[in-house]
Amino acid sequence: MQDVPFYVSLTFILTTMLTLFLFIRATNSPKVVVFGLILWLSLQTYLANSGFYLEVSTEPFRFLLAAPPALMLILGVFISKKGRTWINTLSLKTLTLLHIVRIPVEIVLYWFFLSKMLPELMTFSGRNFDILAGITAPIIYYLVFWRKTVGKKGLLIWNIVCLGLLLSIIFNAILSVPIPIQQFAFNQPNVAILHFPLVWLPTFVVPVVLFSHFVAIYRLSFPRNS
């Protein structure tokens, strides 16, 4: 992306690597899973750099090869008995701390807006308040797991509220992509996610953040299963 400063791409690459690191720590992922995640990120890098996602007029939409596979995998984990058993072994502490990545993500989105590659409504100066989840994540982490002044109910409420913030920006982001279902931002659409490195946002970072919320809400709502 020639019009985007190098530090913008570098910041997001480092943010994705931090997300990967924290996810591996939280899940204690075996080497085969780590290899699979790296392979997935590499595949998305290749597809984005080859211009595969830039063809937005064909049906089915090529972007269906981006986020949906990860979302289907998440669904499969939750409907599988073995998957739910695995979920109960994950570290809620690390999954809570993982949400700090939403701070640099939101900063990067604002930089992409300034580069005219996505609409203002996707930033904290528009309709996107997801940065609040990132800002409050270390506070909740400290109060719940270190000071223990906030209980599981408070952590559950925080996860539900922050999940709502995330779903809101996902909705706005999808409807801002220049595909036939586009409803917003026709003057400055969301084209950044069709390029590397921001293609990693819908294909990896967002699914991991979603999964972290789903795990926390499941574990805190059904403690007997934990």
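The model is predicted, so local features need pLDDT of at least 70 and side-chain atom pairs count only at pLDDT 80 or more, while totals for chains, interfaces and linings use all residues. Residues are numbered from 1 along each chain as its sequence is written, and side-chain values use heavy atoms, with hydrogens and water left out.

Let's start with the rings. A search of the whole structure turns up twelve aromatic pairs; rings of Phe, Tyr and Trp (its six-membered ring) pair if their centres lie within 6.5 Å, with planes under 30 degrees apart called stacked, over 60 edge-to-face and the rest tilted. One of the pairs is Phe78 with Tyr218, edge-to-face at 6.0 Å centre to centre and 85° between the planes. Phe78 sits in helix H3 (residues 67-79) and Tyr218 in helix H9, so this pair ties together parts that are 140 residues apart in sequence. Helices here are DSSP runs (H or I, at least four residues), numbered from the N terminus. Phe78 counts as buried because its relative accessibility is 18%, and Tyr218 is buried too, at 14%. For reference, buried means under 20% relative accessible area, exposed over 50%, and partly exposed in between (1.4 Å probe, protein chains only).

Phe196 and Trp200 give another edge-to-face pair, with 5.0 Å centre to centre and 90° between the planes. Trp200 is buried at 8%, whereas Phe196 is partly exposed at 22%. Phe196 is also worth a look for its backbone: a cis peptide bond joins Phe196 to Pro197, with omega about 10°. Pro197 belongs to the loop between helix H8 (152-174) and helix H9 (200-221).

Back to Phe78 and Tyr218: ring pairs link both of them with Phe23, Trp86, Phe211, Phe214 and Phe222 into a cluster.

Two lysines have backbone angles to check. Lys116 has a positive phi of about 65° although it is not a glycine; this residue is in the loop between helix H6 (102-114) and helix H7 (131-145), and counts as exposed at 62% relative accessibility. Lys148, in the loop between H7 and H8, has a positive phi of about 55° and is not a glycine either. Lys148 is exposed as well, at 61%.

Finally, the surface. Phe6, in helix H1 (residues 6-27), is exposed at 66% relative accessibility.
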